[in-house]
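Let's take a walk through this structure together.

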Amino acid sequence: MAEQPIALRPPEHRVERRAVGLWALQSALGFGILAGLLAGAYLIFDSARSWLGPILLVGAIWGAVVTLVMPLWRYAVHRWEVTEDAVYAVTGWVVREWRVAPISRIQTVDTIRGPLEQALKLATLEVTTASSRGPIKVPGMDARVAAQVAAELARITQRTPGDAT
Amino acid sequence: MSTEPLDEVPWQRLDTRVVWVDSAKTVLSMVPAGVAIAFFDAEISWGTMGPILVATGVGVLGGLADLLRWVKTRYRITDEYVERRTGLLVRQHRSIRRDRIRSVDTSAKFRHRLTGLRVITVGAGQHSAAGEAALTLDAVRVETAQRLRQELLPGGPAERSAEPEVVAEAAPVPRDEQVFARLERSWVVYNMFSFWAFLMAAGLLWGTYWALQLFGLDPAGFVRGLADWDAIGTASTVVVAVATVGVIGVVGLAINFFTENWRFVLARVPGDRGTVLRTTQGLFKTREVNRDDNRLRGVQIDEPLLWRWMGMADTTVISTGLSIWSLTPSAQILPRGPVSVARRVAARVLETGQSPLDRSLRPHPRRALRRRVGWALIATAIVTGLLAWLTTLIDAMPDGVWLAGLGLLPITLALAVVAYRSLGHTVADGYLVTRSGAWSRSTAALQSRAVVGVTFRQSLLQRRLGLATVQVTTAAGYGAYEAIDVDSAEAVDLADRAVPGLLTAFRSTAPAAAPAADPAPVEAQARP
C-alpha cells in the first residue's frame, strides 16, 4: 500500500537547525546514564551477568541508533505555525503528531528552557488548553522567537473572555 | 483578580454538632477494647491485644484530629468566591471562584444522618479531571447544606448569561423535575457477579475470624467440626471452600448494591440557571450529586467484554469539572445495569431527536484489523520469548514452559478481532461519536462545541497501512476522545465535520471533496 499521510499541509516554519544538536545531546546523555548504570551493575554483580549482558548489549545498540537517526528525522518532521485563529504544530518521528488548537481555547502559553536548551539558546513553546491531555509542545525553537510568539499569543488570547472550556 | 476588602463577609464555623459526633466517635472506638477486657477477661498483653489497641489508638487520634479540624476550619461565601481556611500546622486557604463551580454534592455517612449533618463537596476547576481536590465542608446542618447548594449552584449573581450556550440550553427548561430512571431490583444481577466478590468475602471472613478469636472463640475448630474433611478429600475441600467464599461474596455484593443504591433516582431538576442532573441514592450513607447541565458535554457508555452477553453497561456523563478517577465517580449517572436502560437514559439526558449513541457507526477499514493481529502476534512472541529465555536461566523451570506462551495465541487473536469489531465513529447532530476497546467497549458521544483541539497521530506502520488516529481534546471527562485507526484519507474530513472550520486553513491544497466550511460559524461554535 502506498504511504498515506493525512490531508493537512505542513505548518509554515521549521524548528532551528540547532535542535538537531539538542536532541542528539539529550539522547546521548539519557542513554549514556542508563548504559553507565547497567554497566556498573554488570561489573559489580557477578551472578547477574548472564542476564544483564544481553540487556546491556541491546540497550547500547538501540541507544546508538536512536542518537544517530532520531535528531535528523525529527528535524525533517517538526514544524509549527501560529495564525490569528489557531496554533498548529507537527512533531514526532516514528509516531507523528499533527496538533491544532483554536486560539479561543488557549489557557496558558509558556516558554520552557532546560539547561541544555539554555546552552544552545533554544526554547520549547508550550500551549495549554483546558484538556487534561497535555499541552501542545514545540521544542527546538529559537529562544527569542519563542518568547516573541508567546507574547503575541498571550496578546491574542486575552481578547477572548471566558474560561476556555 | 482584585483583592477588594471582602472582610465584611464574616467567616463561619462548621456545625457544632460535629464536635459531639467526634466525641462519640472517640468514645465508641474505645468500646471494643473495653468490652474485651471487661467481659472476656482478655489478657492485656501486646500479643493478644495489640491489634485492638492499635485500632483504638487510631480511633481516638482520629477523633481528636477531627476536633482540631473543627476548631481550625472557617469558611465563607462572598459575592465572588467560596473560601475555606483550615489546617493546624500547615495553614491552607482555598478559594474557588463562584462562576467556576461545576457541582455541589451533599453526602452523609450514617453518623451524619443521625445528627442531621451533611458533608458538602464543591467541585470546580478545569484540572479536577487530573485529580485536584475540591473544597469540602465536613460538616454542616441539613438546612445550611440546602441553602448553600441553592445559593452556589443554580443562581449565582455573576453569571455569564450573555453567552449563546446558556441561552440555547435554558430555553427547554421543564416546569418540574423529569425523572429519567429509578432503581430497579433486577439490576442487582449486574452487580453481584464480579471478581470483587472473592476479595470482599475474603476480607469479611478474615475480619470475622480475627474478631471471634479475640473474644476467645475458636472459629477454625468450629469449621473443622462441620464435616469430616479428610474423608471428602483435598480437591473437594477446595471446591467447597471456593464455592462458600463465592456465595458469601455474591450475597455481600448484593447487599452492598442495595445499601449503596437504595431509592436511587436520576432526574433533571430545574434551577434558576438552566437545569441540573441530580442523582440521589443510599440507605445508610446517602449521596446526592448535582451536575450542572451547562457543563454537560456528552455521555459515555462502557460495556465490559466478559459481561456483554448479558448487556451490562456503565453510564457516565462527560462533563467539565466532575471527577472520573474516584471509586464512586460523580460522573456516573446510573448504577451498573442493562445497556437498554443506559441507552434510553442517555437519549433523554442529551435531549437530541435520535440519541447519538443509538446511531449506526461507521466501521473502520479492514487494515485496522491487521494492526491488531500484529499486536497479538508480537505480544504472544514476547511472552513466549521471555519464557524460553527464563528457562535457559533458571534451572528449576521445566523445559516445555514456553509452549504455554504459544497457548496465548488464540486468546490474543480473539481479542484482536474483538478490538477491531468495536472500532467505529460517526458525526451526527453536533456530536462526535467514537467507539473502541477490547476488554471494555466504550462508546462516547461528545459535543462538537466542547472540543478544544484536534490531534492526528500516525505511526510509521499506520502510515504504511493508510490509517490514522483522530483525537479531539476537551476540558471534560477523560480530556480526549479518539477515533482510532480511521482511513487516513478520511481523517481530516472526519475532524472537519466534528469541529467545523478549525482545520480549513491547514488543509492540503489537493481538491477537497466537501466545500470548505464557511469560517464565520466558528466564532459562534467556539465559545461554550
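Two strands pair if DSSP finds at least two bridges between them, while helices (H or I, at least four residues) and strands (E, at least two) are themselves DSSP runs, numbered from the N terminus. Please keep in mind that this is a predicted model, in which local features need pLDDT of at least 70 and side-chain atom pairs count only at pLDDT 80 or more, whereas totals for chains, interfaces and linings use all residues. Residues are numbered from 1 along each chain as its sequence is written, and chains are lettered from A and ligands numbered from 1 in the order in which they are written.

Next, move along chain B to a pair of helices. Two packed helices are described by the angle between their axes and the distance between the axes. Axes here are lines fitted to C-alpha atoms, for helices over the stretch in contact, and angles run from 0 to 180 degrees between N-to-C directions. Helix α12 (residues 367-393) of chain B packs with helix α14 (residues 409-422) of chain B at an angle of about 155 degrees, and their axes are 9 Å apart. That makes α12(B) roughly antiparallel to α14(B) (angles over 145 degrees count as such). Residues are in contact if their C-beta atoms, placed from the backbone, lie within 7 Å. Among those that meet are W375(B) in α12(B) and Y420(B) in α14(B). The residues of this contact divide into 12 nonpolar, two polar and one charged; Ala, Val, Leu, Ile, Met, Phe, Trp, Tyr, Cys and Pro count as nonpolar, Asp, Glu, Lys and Arg as charged, and the others, Gly among them, as polar.

Finally, where do the two chains touch? The contact takes 42 residues from chain B and 33 residues from chain A. On the side of chain B that touches chain A, β18 (451-459) is one of the elements that give two or more residues, and β18(B) gives the most, with eight residues. Six bridges join β18(B) to strand β4 (residues 95-102) of chain A, and these strands run antiparallel. Within this pairing, W98(A) stands opposite F456(B).

How values were computed. Parallel < 35°, antiparallel > 145°, perpendicular 65-115°, else oblique. Contact = placed C-beta atoms within 7 Å.
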